[in-house]
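Please open the structure in your viewer and keep the sequence beside it. The stops below go from the whole chain to single residues, and each begins with something to select.

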Amino acid sequence: MIDTHELSRRAGSQREVSFTAAAPADLGIDVIGVPEGDPIQFDLRLESVVEGVLVSGSAAGRLVGECARCLVDIEDEFLADVQELYVYPVSEAEPDEASRMEGDLIDLEPALRDQVVLALPFQPLCSDDCPGLCPECGVRLVEEPGHRHEEAVDPRWAALGQLQNDQQDN
């Protein structure tokens, strides 16, 4: 929450704030996200406008997850742009048009959640050319690039192969 009490309700007044806050729970998707409690650095400008307060700036932090192809742990950084209009509680704006202030307080979590989750890769990779896992045994192909298996026999033809082996034995 950001307190806007010091920012007068006159349109045009502004102030800049920088602070670090702990990441909320479930900030991410199943395979990558911001660990709960990790520090997120905010650099914001609060501008008083006729309807409320316009918040713009950035949020930066650490991402942790796993590669969607080879399942190795990965770590990355994010930088999300934040721009949200928070209207005064007495505003006639519709709820879906802008976020509401709670008295003089602004809750950044919904705007942060929207920006961070939208910026996350749907399938994060440890590297752009990650070959993934062997579909038969699960070995990481980046560690064993020449990894091969004997060519599998189609189970529909296995009985014919057995019949051929029996004839060769006779």
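**The whole chain**

Begin with everything selected, and bear in mind that this is a predicted model. Of the 170 residues of the protein, 29% count as buried, and the accessible surface comes to about 11300 Å², of which 48% belongs to carbon and sulfur atoms. Colour by secondary structure next, and you will find 2 helices and 9 strands, which follow one another along the sequence in the pattern β-β-β-β-β-β-β-β-β-α-α. Among contacts between residues at least 6 apart in sequence, 55% join residues at least 24 apart.

**The largest nonpolar core**

Now select Val34, Ile40, Val55 and Val116, which touch the most other members among the 28 residues of the largest nonpolar core. At least two residues of this core come from each of strand S4 (32-34), strand S5 (39-48), S6, strand S7 (73-87) and helix H1 (109-119), and S7 gives the largest share, 5 residues. As background to this stop, nonpolar side chains tend to be buried together in soluble globular proteins.

Stay with Val55 for a moment and display what surrounds it. Apart from neighbours within four places in sequence, Val55 is in contact with Leu44, Arg45, Leu46, Val82, Gln83, Glu84, Tyr86, Ile106 and Leu108.

**Helix H1 and what covers it**

Select Ala111, Leu112 and Val116, the buried residues of H1. Turn the view until you look down the axis of H1: its buried residues fall within an arc of 115°, so they line one face of the helix. The cover over these buried residues includes strand S3 (27-28), S4, S5, S6 and S7.

In helix H1, select Gln115 as well; with a relative accessible area of 31%, Gln115 is partly exposed. Leaving out residues up to four places away in sequence, Gln115 touches Ala80 and Asp81. If you draw a distance from the C-alpha atom of Gln115 to that of Ala59, the two are separated by 9.2 Å, although these residues are 56 apart along the chain.

**Ser58 in strand S6**

Move to strand S6 (residues 52-66) and select Ser58, which has its place there. Is Ser58 buried or exposed? Ser58 counts as buried, because its relative accessibility is 18% and the limit for a buried residue is under 20%. Not counting residues up to four places away in sequence, Ser58 touches Gln41, Phe42, Asp43 and Leu44, and also Leu79, Ala80, Asp81 and Val82.

**Salt bridges**

For the next stop, show the charged side chains; a search of the whole structure finds 6 salt bridges. In general, side chains of opposite charge can pair when their charged atoms come close.

Select Arg62 and Asp38, which form a salt bridge whose closest N and O atoms are 2.8 Å apart. This pair links distant parts of the chain, since Arg62 is in strand S6 and Asp38 is in the loop between S4 and S5, 24 residues apart. Arg62 counts as partly exposed at 27% relative accessibility, whereas Asp38, at 12%, counts as buried.

Glu75 is exposed, with a relative accessible area of 55%.

Which residues are linked with Arg45 in a network of salt bridges? Select Glu16 and Glu47, which together with Arg45 make up that network. The side chains of Glu47 and Arg45 meet at 3.5 Å, N to O. Glu47 is partly exposed, with a relative accessible area of 21%, and Arg45 also counts as partly exposed, at 34%.

Terms used:
Residues numbered from 1 in each chain as written. Predicted model: local features only at pLDDT ≥ 70, side-chain atom pairs only at ≥ 80, totals over all residues. Heavy atoms only, no water. Helix = DSSP H or I, 4+ residues; strand = E, 2+ residues; numbered from the N terminus. Buried < 20%, exposed > 50% of the residue type's maximum accessible area, 1.4 Å probe, protein only. Contact = heavy atoms within 4.5 Å. Areas by Shrake-Rupley, 256 points an atom, 1.4 Å probe, with all protein chains shown as cover. Core = buried A, V, L, I, M, F, W, Y, C linked by side-chain atoms within 4.5 Å. Arc of directions from axis to C-beta. Salt bridge = Lys/Arg side-chain N within 4 Å of Asp/Glu carboxyl O.
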